[in-house]
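Subject: Structure for you to look at

Hi,

Here is the structure I promised to pass on. Please open it and keep it beside you as you read my notes.

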Amino acid sequence: MSKLFPTRNDLPAKTRTAIIDQLNQHLANLTDLFSQTKFAHWNVKGSTFYQLHKLFDELAEGVEDAVDEVAERITALGGLALGTVRMTAKNSKLDEFPPEEHSCEAVLNIVADRFAATSKSVRTGIDEADELQDADTADLLTDISRMLDKSLYFLESHLQK
């Protein structure tokens, strides 16, 4: 159970606690996704390096914005955003990026897998926020889901033949 700070937000404490716990999971996954996307940006090798280097950087920026939005929603609900690197490593549900993979196609597949997994988790979160009658969190997660799906489309477009 998360500690709640005083707030005038009218959502019941039980609802806010459940939403904060859920959002902290998304925060861990998104922070991990950001770091893995930057890892890909720094380390991809191959004939389409430059295009992918730029793409991964742009995608990471979108994820970084989502990280900030989720953390701020947590604190707006009276919660504590658990977003340090060690907290993220402990709580993320994403698979680790295999450090031996550097080829363009392998890196694209890995990053696409991570975006797909994060998007699936966010969509589940939308349903959970709806069930808890927190339309604002559902709306926030819907925006993040759209960004993740668009990013996945960009990644998969590079993989299609």
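Is Leu33 buried or exposed? Leu33 counts as buried, because its relative accessibility is 0% and the cut-off for buried is under 20%. Keep in mind that this is a predicted model.

Leu33 and its surroundings

Leu33 sits in helix H1. Leave aside the neighbours within four places in sequence. Leu33 is then in contact with Val63, Leu94, Arg114, Phe115, Thr118 and Leu148. Now look for Pro12. Leu33 and Pro12 are 21 residues apart in sequence, and their C-alpha atoms are 31 Å apart in space.

Helix H2

Next, find H2, which runs over 49-76. H2 has 28 residues. From first C-alpha to last, H2 reaches 40 Å, close to the 40 Å expected at 1.5 Å a residue. Its buried residues include Leu52, Phe56, Val63, Val70 and Ile74. What covers the buried residues of H2? The cover includes helix H1 (13-43), helix H4 (104-131) and helix H5 (135-159). Just after H2 comes Gly78, with a positive phi of about 90°.

Salt bridges

The whole structure has four salt bridges. Here are some of them.

- Asp57 with Lys38: the closest N and O atoms are 2.5 Å apart. Asp57 is in helix H2 and Lys38 in helix H1, so this pair ties together parts 19 residues apart in sequence. Asp57 is partly exposed, at 24% relative accessible area. Lys38 is buried, at 16%.
- Asp134 with Arg73: the N to O distance is 2.9 Å. This pair links distant parts of the chain, 61 residues apart. Asp134 lies in the loop between H4 and H5, and Arg73 in helix H2. Asp134 is buried, with a relative accessible area of 2%. Arg73 also counts as buried, at 14%.
- Asp143 with Arg146: the N to O distance is 2.5 Å. Both residues lie in helix H5, three residues apart, about one turn of the helix. An α-helix has 3.6 residues a turn, so residues three or four places apart point the same way. Asp143 is partly exposed, with a relative accessible area of 38%.

Aromatic pairs

How many aromatic pairs are there? The count comes to two.

Phe39 lies in helix H1 and Phe97 in the loop between H3 and H4, so the pair ties together parts 58 residues apart in sequence. Phe39 counts as partly exposed, at 24% relative accessibility. Phe97 is buried, at 4%.

Tyr153 and Phe154 make another pair. Their ring centres are 5.4 Å apart and their planes are at 40°, so this pair is tilted. Tyr153 is exposed, with a relative accessible area of 51%. Phe154 counts as partly exposed, at 34%.

A patch on the surface

Last, turn to the surface. Which residues form a nonpolar patch there? They are Phe5, Leu80, Leu82 and Met87, with about 310 Å² of accessible area together. Leu82 lies in the loop between helix H2 and helix H3 (85-91). Leu82 is partly exposed, with a relative accessible area of 30%.

Best wishes

How values were computed. Residues numbered from 1 in each chain as written. Predicted model: local features only at pLDDT ≥ 70, side-chain atom pairs only at ≥ 80, totals over all residues. Heavy atoms only, no water. Patch = residues over 30% accessible without salt bridge, like charges linked within 9 Å, V, L, I, M, F, W, Y side chains within 5 Å. Areas by Shrake-Rupley, 256 points an atom, 1.4 Å probe, with all protein chains shown as cover. Salt bridge = Lys/Arg side-chain N within 4 Å of Asp/Glu carboxyl O. Helix = DSSP H or I, 4+ residues; strand = E, 2+ residues; numbered from the N terminus. Buried < 20%, exposed > 50% of the residue type's maximum accessible area, 1.4 Å probe, protein only. Expected span 1.5 Å × (residues − 1). Contact = heavy atoms within 4.5 Å. Phe/Tyr/Trp six-rings, centres within 6.5 Å; stacked < 30°, edge-to-face > 60°.
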